[in-house]
Amino acid sequence: MSNNDTTNQTKTIPKVERPRLHKVILVNDDFTPREFVVTVLKSVFRMTEEQSYKVMVTAHQRGVCVVAVFTRDVAESKATAATDMGRRAGHPLMFTTEPEE
Ligand code: TYC
């Protein structure tokens, strides 16, 4: 390896960056019952009734709300699981993910 070779004065700069985290975002719709949204948040994201209610109301009022951040795989599987719970119950409930800056 030439980077640490004494004949070559270049120093190796260790590059050990943390993986980027991804946000799970709850998207509002006009049809899913509020109580169902709260149930999904409690079950998939292990949130309390109070936390779930606040997130649901924020999405309801503002259109979207960040639920939590995870590594990419965990964010995507939780968003899919939560969206599927809605679909199986006949609701258009939607969770998406996006990388943090
Ligand atoms: N807007 C829905 C209603 O009035 C409730 C709701 C809230 C649905 C948040 C989705 O992400 C959502 N029944």
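A few ground rules come first. The model is predicted, local features need pLDDT of at least 70, side-chain atom pairs count only at pLDDT 80 or more, and totals for chains, interfaces and linings use all residues. Residues are numbered from 1 along each chain as its sequence is written, and side-chain values use heavy atoms, with hydrogens and water left out.

Let's start with the fold. The protein chain has three helices and three strands, where helices (H or I, at least four residues) and strands (E, at least two) are DSSP runs numbered from the N terminus. Their order from the N terminus is β-α-α-β-α-β. The C-alpha trace spans about 70 × 25 × 20 Å along its principal axes.

Now to the ligand. Which residues surround the ligand? They are Leu26, Val27, Asn28, Asp29, Thr32, Arg34, Val37, Met56, Ala59 and His60, each with a heavy atom within 4 Å of the ligand. By class, this shell has five nonpolar, three polar and two charged residues; Ala, Val, Leu, Ile, Met, Phe, Trp, Tyr, Cys and Pro count as nonpolar, Asp, Glu, Lys and Arg as charged, and the others, Gly among them, as polar.

Which elements each supply at least two residues of the shell? Strand S1 (22-27), helix H1 (34-45) and helix H2 (49-62) do. The largest share, three residues, comes from H2.

Next, the polar contacts, meaning pairs of N or O atoms within 3.5 Å. A polar backbone atom of Val27 lies 2.8 Å from an oxygen atom of the ligand. Asn28 uses a polar side-chain atom, 2.8 Å from a ligand nitrogen atom. At Thr32, a polar backbone atom is 2.9 Å from a nitrogen atom of the ligand. As for cover, the ligand taken alone exposes 350 Å², and the protein buries 89% of that, with areas from the Shrake-Rupley method and a 1.4 Å probe.

That is the picture: a ligand with S1, H1 and H2 each supplying at least two residues of its shell.

Methods: Polar contact = N/O pair within 3.5 Å; in protein donor to acceptor, adjacent residues only side chain to side chain.
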